Amino acid sequence: MEEWNKTDINDTITKKKSAFIYFYTPLCGTCQVAGRMLDIVEKITGGSFAKADLNYMPELANELKIESVPCLLVLQDGMPAEKVYAFRSVPNMLGIVQKYLGKDKGQ
């Protein structure tokens, strides 16, 4: 996953692009497990994923109403389509991601 900053995220929203953005904090153990799950999902689907350390963008977390980490934010045409907080398993995350990849082949 490519590391994004606030500018990258705002550009994606402004240009009405679709993206999977994984928000985490480095010291969060659950985030480490969730990140490994998403690495596997990214390899299986060939989708484009980004990650962002929420410690460096608290104002963006507030704007996007991100309640906790880990969080996978699904953007469709620049708009939040879904926020996933409970990653559960690779098959669970694969199902969520594939649902959106079918809507936007540009991922």
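The backbone nitrogen of D77 lies 3.0 Å from a polar atom of the side chain of S18, a polar contact being a pair of N or O atoms within 3.5 Å in which, within protein, one must be able to donate a hydrogen and the other to accept it, while residues adjacent in sequence count only if both atoms are side-chain atoms. The model is predicted, so that local features need pLDDT of at least 70 and side-chain atom pairs count only at pLDDT 80 or more, whereas totals for chains, interfaces and linings use all residues. Residues are numbered from 1 along each chain as its sequence is written, and side-chain values use heavy atoms, with hydrogens and water left out.

- S18 lies in the loop between α1 and β2, where helices (H or I, at least four residues) and strands (E, at least two) are DSSP runs numbered from the N terminus.
- S18 is buried, with a relative accessible area of 14%; buried means under 20% relative accessible area, exposed over 50% and partly exposed in between, with a 1.4 Å probe and protein chains only.
- D77 sits in the turn of a hairpin formed by β4 and β5, which has two residues between the strands, and D77 has a positive phi of about 50°.

**Sheet**

- Five strands make an open sheet with mixed pairing in the order β1-β3-β2-β4-β5, two strands being paired if DSSP finds at least two bridges between them.
- β1 (2-3) and β5 (79-84) stand at the edges with a single partner strand each, so one side of each is left without a neighbour in the sheet.
- β1 pairs with β3 (residues 49-53) in the parallel sense over two bridges, and E2 stands opposite A50 in β3.
- β4 pairs in the antiparallel sense with β2 over five bridges, where I21 has L73 as its bridge partner, and β4 also pairs in the antiparallel sense with β5 over five bridges, where L75 stands opposite P80.
- Both faces of β4 are covered, with C71, L73 and L75 buried on one side and L72, V74 and Q76 buried on the other.

**Helix across the sheet**

- α2 lies across β2, β3 and β4 and runs at about 160° to β2; axes are lines fitted to C-alpha atoms, for helices over the stretch in contact, and angles run from 0 to 180 degrees between N-to-C directions.

**Nonpolar cores**

- In the largest nonpolar core, which has 20 residues, F20, Y22, L38, L72, F87, M93 and V97 touch the most other members; such a core is a set of buried Ala, Val, Leu, Ile, Met, Phe, Trp, Tyr and Cys residues joined through side-chain atoms within 4.5 Å.
- Two or more residues of this core come from each of β2 (19-24), α2 (29-45), β4 (71-76) and α4 (90-101), and α4 gives the largest share, six residues.
- M93 touches L38, V41, L72, V84, A86 and F87, not counting residues up to four places away in sequence, contact meaning heavy atoms within 4.5 Å.
- A second, separate core of 16 residues includes A50, A52, M57 and A61.

**Aromatic pairs**

- The whole structure holds three aromatic pairs, rings of Phe, Tyr and Trp (its six-membered ring) being paired if their centres lie within 6.5 Å, with planes under 30 degrees apart counted as stacked, over 60 as edge-to-face and the rest as tilted.
- F20 and F49 form a stacked pair at 4.9 Å centre to centre, with 20° between the planes; F20 lies in β2 and F49 in β3, so the pair ties together parts that are 29 residues apart in sequence.
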